[in-house]
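User: I would like to go through this structure step by step. Could we begin with its pockets and then turn to the helices?

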Amino acid sequence: MKIIGVTGGVGSGKSRILKYIRDSYDCEVITADDIGNEVKEPGEECYEDIVALLGREVLDDDGYIDRKKMASAIYVDESLRKRVNDIIHPAVIGRIKDKGNKARSEGRPEFFFIEAALLIECGFGDYVDEMWYIYADEEVRRRRLKEGRGYSDEKIDNIMASQLSDSMFRAGSDYVIDNSGDMSVTIKQIDERLGGRDGR
């Protein structure tokens, strides 16, 4: 089996690509966002620390950490955001590697995909067998974010400024998928890399 990291800038279309891979190959796909949500649930390793840091006002009526409330609390305070990330990121990295190690020891499924915007920065280049960079033209990404998520130009500028440059993504990756155009072109690149639609 092979562990493959999938990274790229906001709006590059990682989610759509991973949906195709899930539907077409013998694989497991995990995302840092999903794991990040897991470790913040009641009883999980980050829950108490985040509530202690941000206060119970970030909880919803059922006692779960509300993502929007948490985002609002840390949006205007860079130091607070860093402290929250210092709680969450190590837990996420550890859980991702635990899942990857389990898949490696069992030798299945054939492909194990890890998706995160910060894979390269978090040192996963030495952990995965391959790092994929999902590329899309900036103009295409901006259009997707405006039309699909309703983001403003200012919000897009801020997010893009916080992420790696195209050259840095490329330098840290083994394979580049150009997802700027039609999905059929993207699918052809994926299938060529994985050895056919069935992945077997």
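**Pocket, helices and cores**

Analyst: The second largest pocket has a volume of about 160 Å³. A pocket is an open set of points on a 1 Å grid over the protein atoms alone where a 1.4 Å probe fits, with protein on both sides within 12 Å along at least five of seven lines. The volume is the space filled by probe spheres set on the points, which are joined across faces, edges and corners. This is a predicted model, in which local features need pLDDT of at least 70 and side-chain atom pairs count only at pLDDT 80 or more, while totals for chains, interfaces and linings use all residues. Residues are numbered from 1 along each chain as its sequence is written, and side-chain values use heavy atoms, leaving out hydrogens and water.

User: Which residues lie nearest the centre of the second largest pocket?

Analyst: They are Tyr133, Arg141, Leu164, Ser165 and Asp166, out of 14 lining residues; a lining residue has an atom within 4 Å of a point.

User: And which element gives the most to that lining?

Analyst: β4 does, with three residues. Helices (H or I, at least four residues) and strands (E, at least two) are DSSP runs, numbered from the N terminus.

User: Changing topic, which residues of α3 are buried?

Analyst: Tyr47, Ile50, Val51 and Leu54 are buried in α3, where buried means under 20% relative accessible area and exposed over 50%, with a 1.4 Å probe and protein chains only. They lie on the same side of α3 because they cover an arc of only 100 degrees around the axis. The arc is that of the directions from the helix axis to the C-beta atoms.

User: What does the face turned away from the buried side of α3 carry?

Analyst: That face of α3 carries the exposed residues Glu48 and Ala52. The buried residues of α3 are covered by elements including α4 and α5.

User: Which residues touch the most other members of the largest nonpolar core?

Analyst: Leu54, Ile96 and Ile114 do, in a core of 30 residues. A nonpolar core is a set of buried Ala, Val, Leu, Ile, Met, Phe, Trp, Tyr and Cys residues joined through side-chain atoms within 4.5 Å. α5 gives the most to this core, with seven residues.

User: What does leucine 54 touch?

Analyst: Leucine 54 touches Met70, Ile74, Leu80 and Val84, not counting residues up to four places away in sequence; contact means heavy atoms within 4.5 Å.

User: And what follows α3?

Analyst: Glycine 55 follows α3, and its phi is positive, near 90 degrees.
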